[in-house]
Amino acid sequence: MKKVCRWLDNSLEETLMVVSLILMTIIMGIQVFSRYVLGASPSWSEELTRYLFVWAGFLSVSYCTKRCISIKIEQFVAMFPKRGKAVFKLVNHTFELIFFFYLIPFAVKYLISAVESGQVSPACHIPMYYVQAAPLVSFVLVAIRIMQRWYAELQIIRNRGEE
């Protein structure tokens with residue numbers, strides 16, 4: 001069980017994004033082959049690729065949060081010692097966490113409205129709530145990743161963690 005949890009913690013987003021990229025490549029390859037060789041492309045291919053792309057985009061937010069990859073200004077923070085950097089990061093993570101906790105209820109309402117509408121996609125007949133669940137899953141994953149980073153920075157401030 002610990003190995004599964006460790007794998008989920010280390011590789012969940014990357015694995016899902018790689019799988020979606022592979023699927024998008026295969027599906028678009030089928031579409032190109034069908035269009036240019038067979039003379040007719042399947043109606044479902046672009047739709048399914050678009051939905052995979054949406055999910056990959058939302059998962060990438062969690063991945064970037066986990067890896068601390070974002071647009072930021074490091075020069076100012078770099079002037080401070082290790083604990084000072086950790087304080088700035090802790091404050092930053094606190095604001096990020098507040099922001100994503102603010103967004104989660106809106107994502108829940110969005111998903112509930114999608115479930116209640118019963119809408120399905122035109123070509124694949126996939127329930128749209130599968131696609132519209134991406135923001136909620138992403139925001140929850142991001143909140144978890146921010147809490148992990150927040151805890152790591154707190155350990156540095158307490159002088160127990162490594163940089």
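**Exercise 1: Exposure of the phenylalanines**

Phe-99 has a relative accessible area of 43% and is partly exposed. The model is a predicted one.

Solution. Step 1: buried residues fall under 20% relative accessible area, and exposed ones over 50%. Step 2: Phe-100, at 11% relative accessibility, is therefore buried. Step 3: Phe-139 is likewise buried, at 14%. Step 4: Phe-58, at 26%, counts as partly exposed.

**Exercise 2: Aromatic pairs**

Task: Determine the geometry of the pairs Phe-58 with Phe-139 and Phe-99 with Phe-100.

Solution. Step 1: ring centres must lie within 6.5 Å, and planes over 60 degrees apart count as edge-to-face. Step 2: by this rule there are six aromatic pairs. Step 3: the ring centres of Phe-58 and Phe-139 are 6.3 Å apart with planes at 75°, so this pair is edge-to-face. Step 4: because Phe-58 belongs to helix α2 (residues 44-66) and Phe-139 to helix α6 (residues 134-157), the pair ties together parts 81 residues apart in sequence. Step 5: for Phe-99 and Phe-100, centres 5.2 Å apart and planes at 80° also give an edge-to-face pair. Step 6: one aromatic cluster is formed by Phe-58, Phe-99, Phe-100 and Phe-139.

**Exercise 3: Helix packing**

Task: Describe how α1 and α2 cross.

Solution. Step 1: the axes of α1 (residues 2-38) and α2 come within 9 Å and cross at roughly 160°. Step 2: α1 is therefore roughly antiparallel to α2. Step 3: their crossing is left-handed. Step 4: the contact of α1 with α2 comprises 13 nonpolar, eight polar and six charged residues.

Note on methods
Residues numbered from 1 in each chain as written. Predicted model: local features only at pLDDT ≥ 70, side-chain atom pairs only at ≥ 80, totals over all residues. Heavy atoms only, no water. Phe/Tyr/Trp six-rings, centres within 6.5 Å; stacked < 30°, edge-to-face > 60°. Helix = DSSP H or I, 4+ residues; strand = E, 2+ residues; numbered from the N terminus. Buried < 20%, exposed > 50% of the residue type's maximum accessible area, 1.4 Å probe, protein only. Axes fitted to C-alpha atoms, helices over the stretch in contact; angles between N-to-C directions. Parallel < 35°, antiparallel > 145°, perpendicular 65-115°, else oblique. Left-handed = near helix turned anticlockwise from the far one by under 90°. Nonpolar A, V, L, I, M, F, W, Y, C, P; charged D, E, K, R; others polar.
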